[in-house]
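Work through these exercises with the model open. Each task is followed by its solution.

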Amino acid sequence: MSNTAQSAASTRIASLLDANSFVEIGGQITARSTDFNLSAKETPSDGVITGYGVIDGSLVYVYSQDATVLNGTVGEMHAKKIARLYDFAMKTGAPVIGLIDCAGMRLQEATDALNGFGEIYMQQTKASGVIPQITGIFGTCGGGMAMIPALTDFTLMEEKKAKLFVNSPNAIEGNEISKCDTSTAAYQAKEAGLVDFKGSEEDVLAQIRALVTMLPANNEDDMSYEECTDDLNRVCKDLANCAGDTSIALSQISDNNVFFEVKADYAKDMVCGFIKLNGSTVGAVANRTEIYDEEGNLTESMDAVLSARGARKAADFVKFCDAFNIPVLTLTNVTGFKATKCSEANMAKAVAELTYTFADATVPKVNVIVGKAYGSAYLAMNSKSIGADMVYAWPNAEIGMMDAKLAAKIMYADSDAATINEKAAEYATLQSSVESAARRGYVDTIIEAEDTRKYVIGAFEMLYTKREDRPSKKHGTV
């Protein structure tokens, strides 16, 4: 057994946790099966190190798979150790972090190993919405193991060596790994949308630490608050220029410019992540039409439309925030729905899911309209009508059914250009202006862009004790 490889599982734990804080649980456990000469093989810890420690002083539970023990395969006792760790986490209300490096199910243990997978799935399901679950993938995560990160809240992946798949690329009809490697971090982040962050092993562990500090310990005890050292009334002078790239806008209004973006490579038209406002974690969802690099160069432009992927990305994120009582802020700039054949196949269901999620969420919800807000696409983006507690709008915002000129062309289809222009201007004033929406109560306050930070902080402070009931039911069906 290679000491270098053997140490990889424990080294990852040591790098993840605060120095000297890890306490191992079940270190003497080994494989129980004796079939296929398994008893003649060394199986220390049955291939997974389990225990607890702290990150920035907060309790977390960790399991780290050891690929040097039967390739890290999951057997009966391996699975029981992970399931037992979930028992501890649920009792004490602390996150579970899994560090994956596994060749899948242990063939020598057959049905015992299969049952073990099911026991892990069951524990993850019970823990969902109760404690945060985070997965870091550093080696192979294939077959049934791929369900484990999918059942957790956040997945981070080493970008060069790690592999994530249900079916290996070569097992997919008409494909081979040289054509399309569906198991890479890049594919799983950009196309599947399962991976929240990809990078080096050191970067992944650092990002897990950063994420844990942003999250509550469980759904009842918020330990993510920290003292705010930023000016609560800080003016963000250039915020109006960030309406296109809202990831920049969110970092501008956040305490000390802290912004932890999730699924950054997936559905780039929708930004999701965590910011800090007056020391408290807030979930942020925003439409995006532009992407700038670190040097300030425009690298990508998109229409101000809602895509099916973007809607699902936002819905999943808001569900997490609502489950853990994290307030939600939206920055809205949307004119309609993405119009492609591929999008159309999924659009109605995806937007319905987003609409349902915002309407069903009982956490404090604040919306800031930073551009255009047209039609049903706007309604789905945390509008007043589906439950936003406070809606602010910048002075140049437009809120209505559709673009004024298009509306005029429909209403006065047989008129000349001069009449169309005249009626479009009238429509813009009467129906699409931010003042018109405010007079009807659909916008609570028109604010200057540079004052956004102080207004949203004030709104969330006011909503801190919000309580909202919903009809009694087992659960919804959307």
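**Exercise 1.** How many residue pairs are in polar contact across the interface of domain 1 and domain 2?

*Solution.* This is a predicted model. Start with the domain bounds. The domain assignment gives 6-211 as domain 1, and domain 2 is made of 223-393 + 446-461. Next, look for polar contacts across their interface. The rule finds three residue pairs, both residues being at pLDDT 80 or more.

Now ask which elements supply this side. In domain 1, α5 (185-192) and α6 (201-214) each give two or more residues to the side that touches domain 2. The largest share comes from α5, with four residues. By class, the residues of this side of domain 1 are ten nonpolar, four polar and five charged.

**Exercise 2.** Describe the extent of the contact between the two domains.

*Solution.* Take the centres. The C-alpha centres of domain 1 and domain 2 are 31 Å apart. Then count contacts. Domain 1 has 19 residues in contact with twelve residues of domain 2. Finally, take the area. The two domains bury about 1300 Å² between them. Carbon and sulfur atoms hold 59% of it. In domain 1, the residues that lose the most area to domain 2 are Phe154, Lys190 and Asp196. Together they make up 33% of what that side buries.

Definitions and conventions. Residues numbered from 1 in each chain as written. Predicted model: local features only at pLDDT ≥ 70, side-chain atom pairs only at ≥ 80, totals over all residues. Heavy atoms only, no water. Domains from an automatic or database assignment. Contact = heavy atoms within 4.5 Å. Buried area = accessible area lost by both parts, 1.4 Å probe. Polar contact = N/O pair within 3.5 Å; in protein donor to acceptor, adjacent residues only side chain to side chain. Nonpolar A, V, L, I, M, F, W, Y, C, P; charged D, E, K, R; others polar.
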